[in-house]
Every structure is written in C-alpha cells, then in structure tokens.
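Dear colleague,

Please find below the structure that I am handing over to you, together with its sequence.

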Amino acid sequence: MSNRTADQLLKWGIEHAPVHEDGTSSVAHVAADVAAGRRPDLTDPGLYDAIMGKSEAQMMQEELDVAVNPARTEEDRCIALDNFEMLIEQVDNANNMEPLRMWPAVLALMNPVHTTPPIQVGAAWIVGTAVQNNDKAQAAAFSHGALPCILALLQDLSQEAVCNKAVYALSSMLKHYPAAVHQFTELGGWTVLRSLLGINSLAVRRKVAFLLIQLLHQAKDALDTPVAGPVAPKAPIARVHPPADEAPATMQHATTYPPVAQLLVDHGIIGALVDSVVPSEDMEVDAPTSLSLCSGTYVRDDDDYLEKVVQALEALVSHEPCPSSLPKERLQQLVHSLVSLRLTST
C-alpha cells in the first residue's frame, strides 16, 4: 500500500473515531496510552507490516537471508531462491539488487566449492532472470564479476541442471554487451561453449546453439550499423524534463565486439555443430560420437536443434568479413542439404 493510501486511511479513521461525552476522541486516548507506555501491543514494529504489508525490497532481503544461511536446510534455501527469482522478474526489483547490495551474495551462491548443485541452479536462475533484457542489471552484474561465476558452473558437464541454468544466465549476460563478450573471450568462454556441444543434455545443446545465433547476429548488426557523420548544430531546445540516457548501460563502454565469426571457427565450434548433424563422409556408416548422439538418439532428429544449427550456419555464411579458413561454398551446400533434411523431417 502506498504512503498516500495509508495517510488517507489514517485520516478517515481519525474523522470517524468514536467521541467521548467530554468531546475528546478515542484516538486521542489511545495515543496518550501509547505515549505513556500502557499499550505495548501497539508499539510492535511488526504491527505495521501485518496491517500494511511488507515492501518487495523487504521480502527480497528476507528471502536472500534464508538463501545464504548455511544453517537452513537445502530445501528451505532453494525455496527462498525461487521466491527471490519471482520477485526480481519485475525490472524495478532486479535493478534494486545493486543499491541493496545483493549481487555479491547471489553470486557467492554460484560457487561450486561452497554450495550444492540445487542452490547453484537457483542462483544462476536469478542471474539470468535479473539481467534478461535489462541493461542496467547486466552492467551491475558484470561489475560484480558475474561472468567468471557463470563459467565456473559450466566446468562440470555431469551437472546438467546446473549447466542448463548457467547457459541461460550466460546468454542473458552476453546479449548486446560488447564488453561482456570481450571478457568472455579472455576467460576462455569459447572453449567452454565447444565442450557444451557434447553434453548429454539436448536442452543445453539447444540453448548453446541459440546463443551462437545471438552472438553472430549481434556482432554482424554492430558491423552493419553505419557510423553517423558530423551533424550541423541546431538551436537549443528548452527541455521540461532532463534527457534520458543516450545509450543503454551495456553500450556505454568504448568497446566493439571481438571477431565472433572467426572465433567460432578457430575454436572448432562450427566444426562441432556440423559434426553433430552431418554423418561422417569418411565412413560407410555414421559412426556414433558424443557430438551426434545425446541420450542414445541422434541430435539431428530433434527438429528444434536442427533448426538452430541451420540458422547458426546461415548467419555464419552471410557474415562479412568471411572468417579465414572457412570453406564458404562447402558450408552453403551444407546449409542447403540441412534445409532439405529439415523439410523432409517435417
């Protein structure tokens, strides 16, 4: 309830309070009793919360306090993380994590040395939700070292649930954020993505393929964006309100994207994508590999994964400048074959 509503309710209560025979209000008597210490029940700080309800900032803090408390059960801590994640689905609450100094505590819960996988899942989910399509939260998380924490969760491919949420958080962190993509490169992130294409989880592989599409498109769009030339000065315009920020928080660094397409080729990611959906031409029979198989089935039989691989290869083929050592004509033929395979399967 807003302060204005609370003030209106208080005013209404005073105006409609019973009046004693001497003309004094019962509210005045109660106030005198409270001042004299005769009504301790009305001085309980929890009374206002019980009547008016807690603010969402208070609820966030309470849930986080439970989540970081090692004395609580794992179930209690995971429930608290779920509740926190629902609260920060609202952009204002996600942005409040910075002034409330909550980012360090959340990121600490992603440490695989000191927390359990279920807690790591909850913490990674919070990061992904908080920064998704939210440039201010992205910048805040980045400043607190979110990327190294996320990549640390992706080292153990046996923890499929952890990897699933960590890739979600990674995709949200890297979206339209050149400085984050640069740090990701410096931290060996491309090698991590290459290894994830062999994880025994189709859900994770789909997310990785989607992330590759995202990275290729945003790097290409940045290259295609024309640089504005000098603009003739205009007469000053009186402003009633201060101007909004000229650029998102993720674009205020003087940083361009690294050569994403070339990095994908150099780290064997494109080769891994191709190997996962195309039978080996060197063998009469398609030899099962960790790339082509997932849970005993061929990944190319999954329409969603195949669609994403096709989109990633199409984005790569259309990328300018073309990565060196990339057999562009062969890839174009491959894309055509995959599109035909996709149409046949549908």
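A search of the whole structure, which is a predicted model, finds 5 salt bridges. Several of these are described below, after which I turn to the chain as a whole.

The account may begin with Asp302, which pairs with Arg206 in a salt bridge whose closest N and O atoms are 2.9 Å apart. This pair connects distant parts of the chain, as the two residues are 96 residues apart. Asp302 sits in the loop between β2 (297-298) and α17 (303-317), whereas Arg206 belongs to helix α14 (residues 202-224). Asp302 counts as buried, because its relative accessibility is 15%, below the 20% cut-off. Arg206, with a relative accessible area of 25%, is partly exposed.

Arg206 has a further partner. Its side chain also meets that of Asp304 in a salt bridge, at 3.6 Å from N to O. Here too, distant parts of the chain are linked: Asp304 lies in helix α17 and Arg206 in helix α14, 98 residues apart. Asp304 has a relative accessibility of 34% and therefore counts as partly exposed.

Asp304 in turn forms a salt bridge with Lys308, and the closest N and O atoms of that pair are 2.5 Å apart. In this case both residues lie in helix α17; they are 4 residues apart, which is about one turn of the helix. Is Lys308 buried or exposed? At 16% relative accessibility, Lys308 counts as buried.

Taken together, these contacts form a network of salt bridges that links Arg206, Asp302, Asp304 and Lys308.

As to the chain as a whole, the protein chain contains 18 helices and 2 strands. It has 346 residues, of which 39% count as buried. How many of the contacts between residues at least 6 apart in sequence join residues at least 24 apart? In the protein chain, the share is 69%. Finally, the protein chain exposes about 19,200 Å², and carbon and sulfur atoms supply 56% of that area.

With kind regards

Key. Residues numbered from 1 in each chain as written. Predicted model: local features only at pLDDT ≥ 70, side-chain atom pairs only at ≥ 80, totals over all residues. Heavy atoms only, no water. Salt bridge = Lys/Arg side-chain N within 4 Å of Asp/Glu carboxyl O. Buried < 20%, exposed > 50% of the residue type's maximum accessible area, 1.4 Å probe, protein only. Contact = heavy atoms within 4.5 Å. Areas by Shrake-Rupley, 256 points an atom, 1.4 Å probe, with all protein chains shown as cover.
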